[in-house]
Amino acid sequence: MNRVVITGLGIYSCIGKNLEEVKESLFKGTSGIVLLPERKEFGYRSGLTGFVEKPNLKGVLDRRARLMMPEQAEFAFVSTQEALQMAGMDEDYLDKNEVGLIFGNDSSAEPVIEGVDIIRVKKDTMMLGSGYVFRTMNSTVNMNLATIFKIRGVNFTISAACASGSHSIGLGYVFIKNGMQERIICGGAQETNIYSMPYFDSIAAFSIREDDPTRASRPFDANRDGLVPSGGAATVILESLESAQKRGATILGEVIGYGFSSNGSHISNPTVEGPLTSLERSLKDAGIQPGEIGYINAHATSTKAGDASEAKAIKGIFGLNGPYVSSTKSMTGHECWMAGASEIVYSMLMMQNGFIAPNINFETPDEDTIGLNIVPETLQKEFNTFLSNSFGFGGTNSSLVVRKWEGK
């Protein structure tokens, strides 16, 4: 079995357009949540969202390439560029070596709705142009990145709700561990346009604390009233240890465990047993004891039921006052399809720089969160192993364990 290491990271989110900006936001506990009036005008119950500026790719990619890309593919292009640069994989390297691509993405709403609107008005599908077919498919991120970066290895999209980004890294880890690939670009991407999230809003999933946007996302807090949607993209370059050492790459960390499960229950209501199984499996795969985890980046989205079930699962494995816990969604909102990947990037930045980002807006614990070692303010703390949880609609669960690379 191959050891699987991380050699590159990239991020484009509401708390920063690159790793340096994001690191500063995490350390300072800076929120990226805003109130957008156009969402209210459109008919949203809640106008809160993580604000992600669209990247300007004119002059970076040719016009034809840009026509094929919805916004989540643009976000993913930017994060992947940064990750590849960190990993030392330039155009020549990608041309000479087989590299795979597994990305999480579970919607492409804007081009679908735009295209249908054009057909309704023009009564002619030929008015759409060739770009729409590639922009509308769930695999659009993989299609575009694979074409732009000339990917010749494994190439497919993970569609697993809010665990998509995490499962992409988990499966990349499995492929490399079993010798099927040497290096894979993994990640997750989430669109943020006005068409992407009204369905979640329609089931009253979102916070309506509109008078104070930066305090709206409050995972684990007794006064939470719902999640805040967000998005962007995150990229993690995975590589076999042998491949990384052979080319002299800087190794940032090692993926040592992947756990997964399905709740086998209600389509949206969470359970405790499903996450518990995912956590147990990740630790067993890593071959470590619960006490070796220094930090948990919780899935906690700021919903009553979801946070409570995860809190119970964490306490079920780690007991009371276990590892430090925070949910970076308190700052970013719920980045949905990208969250499982971005939270690996966020946790890696913390581990590299010796701090734990705060679970901002955590003021009052409830009966479920009492006993968790939640970090309400930035904590200067060295740690060498973390666990990241991601859970999604349909009962899909994923847990990843990552260890700091210390040259062993």
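**Reading the labels in a predicted model**

Tutor: Eleven of the 14 residues of helix 9 are buried, so the rest of the structure largely encloses this helix. Keep in mind that the model is predicted.

Student: Which residues of helix 9 are the buried ones?

Tutor: They are Ser164, Gly165, Ser166, His167, Ser168, Ile169, Gly170, Gly172, Tyr173, Phe175 and Ile176.

Student: How do you know that the span of helix 9 agrees with its number of residues?

Tutor: Take 1.5 Å a residue. The expected span is 1.5 Å times one less than the number of residues. For the 14 residues of helix 9, residues 164–177, that gives 20 Å. The end C-alpha atoms are 20 Å apart, so the two values agree.

Student: What comes just after helix 9?

Tutor: Gly179, with a positive phi of about 80°.

Student: Why is Thr271 called buried?

Tutor: Its relative accessible area is 13%. Buried means under 20%, so Thr271 qualifies. Thr271 sits in the loop between strand 8 (253–262) and helix 12 (273–286).

Student: What makes the link between the side chains of Thr271 and Asn263 a polar contact?

Tutor: The distance is 3.2 Å. The cut-off is within 3.5 Å, for N or O atoms with one able to donate a hydrogen and the other to accept it. The pair therefore counts. The Thr271 side chain also reaches the backbone nitrogen of Gly274, at 3.1 Å. Leaving aside neighbours within four places in sequence, Thr271 is in contact with Asn263, Ser265 and Ser309.

Student: Is Gly153 buried or exposed, and how do you know?

Tutor: Buried: the relative accessible area of Gly153 is 19%, and the limit is under 20%. Gly153 lies in the loop between helix 8 (140–148) and strand 5 (155–158). Beyond its neighbours within four places in sequence, Gly153 is in contact with Glu98, Val99, Gly100 and Gln181.

Student: How many salt bridges does the structure hold?

Tutor: It holds 21.

Student: What makes Lys17 and Glu53 a salt bridge?

Tutor: Their side chains meet at 2.9 Å, N to O. The cut-off is within 4 Å, from a side-chain nitrogen of Lys or Arg to a carboxyl oxygen of Asp or Glu. So the pair passes. This pair links distant parts of the chain, 36 residues apart. Lys17 is in the loop between strand 1 (4–13) and helix 1 (19–28), and Glu53 is in the loop between strand 3 (48–50) and helix 3 (63–67).

Student: Why is Lys17 called partly exposed?

Tutor: Its relative accessibility is 37%. Buried is under 20% and exposed is over 50%, so a value in between is partly exposed. Glu53, at 41%, is also partly exposed.

Student: How do you know that Lys23 and Glu20 form a salt bridge?

Tutor: The closest N and O atoms are 3.3 Å apart, and the limit is within 4 Å. Both residues lie in helix 1, three residues apart, about one turn of the helix. Lys23 is buried at 18%, whereas Glu20 is partly exposed at 46%.

Student: What makes Arg120 exposed?

Tutor: Its relative accessibility is 57%, and exposed means over 50%. Asp117 is at 35%, so it counts as partly exposed. The two side chains meet in a salt bridge of 3.8 Å, N to O. Being three residues apart in helix 6 (residues 109–122), Asp117 and Arg120 are separated by about one helical turn.

Technical notes
Residues are numbered from 1 along each chain as its sequence is written. This is a predicted model: local features need pLDDT of at least 70, side-chain atom pairs count only at pLDDT 80 or more; totals for chains, interfaces and linings use all residues. Side-chain values use heavy atoms; hydrogens and water are left out. Helices (H or I, at least four residues) and strands (E, at least two) are DSSP runs, numbered from the N terminus. Buried means under 20% relative accessible area, exposed over 50%, partly exposed in between (1.4 Å probe, protein chains only). Contact means heavy atoms within 4.5 Å.
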